[in-house]
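Here's a quick briefing on how some strands pair up and where the nonpolar side chains gather. Have the structure open as you read.

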Amino acid sequence: MLETFHPLVRRWFERRFGEPTEPQALGWPEIAARRDVLVSAPTGSGKTLAAFLYGLDGLLRDGVAGRLEARTRVLYVSPLRALSNDVEKNLRRPLEELEAEARAEGLPSPGIRVQVRTGDTPQSRRQAIVRNPPHVLVTTPESLYLLLTAERGRALLADVETVIVDEIHALARDKRGAHLALSLERLEALARRRPQRIGLSATVHPIEEMARFLVGAERVDRAGRPRCAIVELGRRRAFDLAIEIPRDELSSVASNDLWSETYDRVAELVRAHRATLVFVNTRRLAERAAHALGERLGTERVAAHHGSLSRARRLRTEEALKSGALRAVVATSSLELGIDVGEVDLVVQLGSPGALHVALQRVGRSGHVKGGTPKGRLFPMSRDELVECAALVRGIRRGALEAIRPPDAPLD
């Protein structure tokens, strides 16, 4: 499949990655044929690059030929602002390396540009984006909606050829997803050419329901089958997963002694690993747990990460974890999805994650490389949570997932 890419792209990929992963090998022919595609594969299997590489290849071909115009052609929609920033950074490195490849061969610089437009983006940068459109725009559903309501924003989006919807399961289950579906239809009506839609997810069931959500009601046949290529590589994956049981009997409510014992054990696990993500279910607990672990490990080695923190602080925390300056980060769902946080080798969950797909996403943050084994430790804080965690572990080992049902035509 690599022979269909520009020689520069092919050589860069082979040097960086060697052989394509399964999602890439199976997804690229469908993407090259400009079909709508839904790729569902385990975390760390190269789905994001599978979605992006054909679009980047087309931009590079035009760039080295000197015909690349300042038009936004690839639109990436992420459910999290932090994930948008992460994808932008992970795109810049390949683009810089491709630029270097072109210069080394005496070819013109492709000059491919990528920008992020989210609620965190300063007003001056937002204005610069519409004045000088990037070739790849990374955004969130809410910011896409705002762009569609403004005349200059609609002009920016008129040339979009490919829309990538990442972590589609996190959007499809509620009215935020219904809102995005409406925006995708508005974009289609606006664009000069119907944009190809590519959906990505590590945890999605039922797969055809997600494909219908991705392509829209107009592209479903009489039997209810979506006109969409589906690349599904299964949910079964080897996990190193265990439940940590305290010395004392669990009750209906966690005591102060239980919390103290739990923090002591988590600190012990953190010391035994390079980098640990500790997931909790509330922002208040994230701050409290980060403080307690900081007392045991050193305040400079532990940080909290959640949606109420400023963008600058969140980014500093992510970079510190990647660089090894932090041993542990206590997070809510803000780090649950596909954000690159470096070589995390352990995930700890305080309390029950509450759902199979949440547990899979969170534990999957560890071992987030090709061939890696995610490692997770669950700490139930009550008898009820112990039963939930036991059911979650059993379900994950069986490859089970909750069914996602998008809202049916919500009138609001």
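Start with Phe279: its bridge partner in β12 is Gln349. Gln349 also has a bridge partner in β13, namely Leu378. Keep in mind that this is a predicted model.

**Strand pairing around β12**
- Strand β9 (residues 276-279) runs parallel to β12, and 4 bridges join the two.
- With strand β13 (residues 375-379), β12 again pairs in the parallel sense, over 4 bridges.

**The nonpolar cores**
- The largest nonpolar core has 38 residues, and the ones touching the most other members are Trp28, Phe52, Leu53, Val136 and Ile164.
- Helix α3 (residues 47-64) is the top contributor to this core, giving 10 residues.
- Another core lies apart from it, with 28 residues that include Leu156, Leu157, Leu171 and Leu187.
- As a general point, nonpolar side chains in soluble globular proteins tend to be buried together.

**A look at Val136**
- What does Val136 contact, leaving aside neighbours within four places in sequence?
- Its contacts are Phe52, Leu56, Leu59, Val74, Leu91, Arg113, Val114 and Gln115.
- One of these, Phe52, is also among the core residues that touch the most other members.

Technical notes:
Residues numbered from 1 in each chain as written. Predicted model: local features only at pLDDT ≥ 70, side-chain atom pairs only at ≥ 80, totals over all residues. Heavy atoms only, no water. Core = buried A, V, L, I, M, F, W, Y, C linked by side-chain atoms within 4.5 Å. Buried < 20%, exposed > 50% of the residue type's maximum accessible area, 1.4 Å probe, protein only. Contact = heavy atoms within 4.5 Å. Pairing = 2+ DSSP bridges.
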